[in-house]
Amino acid sequence: MQTVLSIAIDALAYGMVLFVISIGLSVTMGLMRVVNLAHGAFAMIGGYLASYATRDLGLGYAPAILIAVVATAIIAVPIERLLYRRIYGAPELTQVLMTIGITFCVIGLANYAFGPTLKTIPLPETLSGSIDLGFRAIATHRLFAIVCGLIVAGGLWFLIERTAFGIRLRAAVDNAPMAAALGVRTQLVYAVSFAVAVGLAAFGGVVGAELLPVEPYYALRYMVTFLVAVSIGGAGSIPGALIACLLLGTIDTTGRYLAPEYGEFFFYLAVIVIVTLFPRGLAGRFK
Amino acid sequence: MAVSMDPTPVTVRRGLPVNTLVGIAVIIAASIVGYFLFPNNLALLTRIVATMLLVLSIDLVTGYCGVATLGHAALFGAGAYGAGIVSAHFGINEPLTMTLIGAVAGALAGLLSGIVILRAHGLPQLVLSIAVVHLFHEVANKASSWTGGSDGLSGITTDALLGMFEFDLWGRTAYVYGIVLLLIVFVLLRILVQSPFGMLARGVREDPVRVAAMGASVHSVMLRMYVISGAVAGVGGALNAISTQVVGLDSLSFTMSAEALVMLVLGGTGSLYGAMVGTVSFMWFEDVVSAANPFHWLTIVGALLIVVVLFAPKGLYGSAAAFLSRRRGGAK
């Protein structure tokens, strides 16, 4: 029973972190149809910035998160303008080549600037302990990650379903030329959603640093996991991404607890089964 | 003959055209130049040749059939482990037999992964291919009594080639053997891609619906191509196992798959020359840059990829071929 609970909590926390990072990828993929392999690199940049802010500048956890999110989004805007805009509508392979190139660059620069060691982001007092639920104590940080995931899901749902920007976004997703003809400034929509997506990646990178440790090869190591999450959820769908991330989190965590010697065997086996059963994702708009 | 441009000119040729002979001559010339330019670095050159076979095999499914895969190292690694295991565990040390077994192992892996990967399209397909290479990797890691697990498979020995040429310390025999294998594969693939079957595969890439409407089975074309591609990758893996006498888990890794795909796109898809040019330029560049600046080499390689996408979107060879419009279209 204890094991089941531990697995459930860890799976939920891991799934939520996965969700926070990959939902941005899901939105940009649904919107811009770009296979963005560099998404993990932005999460990593966020993690590095937060680590730098807390350990070297001595700032608190909350300002560090803010700095990481805003700075990463600011870094991303020129990258979107100069690089990504050239590959909208390009063949998949070209996009893969470009975004892998960006990932390599970021890894190389991170390695140079911060060194090859693992970076930690010290948690504040309030998050480092554990909370007693009466029958069981759980790490506060896990709870924090779960709450963050829920807030992001709720916030995004509100942004996309209930605001004017959301309407433009959905219009651009469904039919970009028609939306542009009706006066939606799709270029601006692209830029803003890209910045939001990257900001969320950075946020997830910071919040999830306990589960996905920040180091230079982060970008390459977890890129596949994020891509898998988006593909299973179906690009552009929030509920799909949420379900997919929780499912993947559960499978991965259960595998790690019960059969660690098999590594990620069961994870990828499950991925194959799921993709075979739902080739368009659990709730996808991606063709 | 039309100039090389899209849509690809469709011609079925018989026999060995001038173009293939030119290709053979270029490969031989390049390998001789390489031999004399880098006499102390033949191991690198052999590794390039082995990787070239892998990249050629990706080109068969990606460039000619339009299947995007980030998991092709599974086939390469299957060949490497196939050849390595028969040598280390069964004492079959004859290099030609080992190569053949590598090809068969690669073809089997190609059949297996083809069955899985071809079930989806687009992004899910990419994800399936990634899952496949990770599965292969985990299985090889777990079956450590056969594969040596993360320590790598050692204990591979090779007899003299044809009973005459020992595999020497400098890797001369391995290099020459690799070049000969490459030439054989190149000629066979030239015949393949210009055969009616090769044309059908291109048709599948251009418009699968129409090919299906014509009465051909799209799935079977792609699966057959996958098996052939597996055999080619397996030969590459076997060559790697024979020349280095060790097989590591990295030959089954996602990183290897991704790098090989990058090499292909760098050179230009849908062209055997593109695959070879891409491999040579990427690996040579990586070697030079990582030796010159170990801190920044990954950054520079990344920048190179971005520059290629921005300024040579069809890849080095593809763009050069398009630029030199006098280049024959059959080379594409």
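## Overall form of chain B

In this predicted model, chain B has a radius of gyration of 19 Å, which agrees with the value near 20 Å that a compact globule of 332 residues would have. Along the principal axes, the C-alpha atoms of chain B occupy a box of roughly 50 × 45 × 45 Å.

## Secondary structure

Chain B contains 14 helices and zero strands. Its pattern, followed along the sequence, is accordingly written α-α-α-α-α-α-α-α-α-α-α-α-α-α.

How much of chain B counts as buried? The share is 52% of its 332 residues.

## The contact between chains A and B

Chain A contributes 38 residues to the contact, and chain B contributes 35 residues. Which elements of chain A give two or more residues to the side that touches chain B? They are helix H3 (61-87), helix H4 (92-114), helix H11 (223-233) and helix H13 (265-277) of chain A. Of these, H4(A) supplies the largest share of that side, with 16 residues.

The side of chain A that touches chain B can also be divided by residue class: 27 of its residues are nonpolar, seven are polar and four are charged.

Note on methods: Residues are numbered from 1 along each chain as its sequence is written. Chains are lettered from A and ligands numbered from 1 in the order in which they are written. This is a predicted model: local features need pLDDT of at least 70, side-chain atom pairs count only at pLDDT 80 or more; totals for chains, interfaces and linings use all residues. Helices (H or I, at least four residues) and strands (E, at least two) are DSSP runs, numbered from the N terminus. The radius of gyration is taken over C-alpha atoms; the globule rule is 2.2 Å times the number of residues to the power 0.38. A residue is buried if 20 or more other C-beta atoms lie within 10 Å of its own, exposed if 12 or fewer, and partly exposed in between; C-beta atoms are placed from the backbone. Two residues are in contact if their C-beta atoms, placed from the backbone, lie within 7 Å. Ala, Val, Leu, Ile, Met, Phe, Trp, Tyr, Cys and Pro count as nonpolar, Asp, Glu, Lys and Arg as charged, and the others, Gly among them, as polar.
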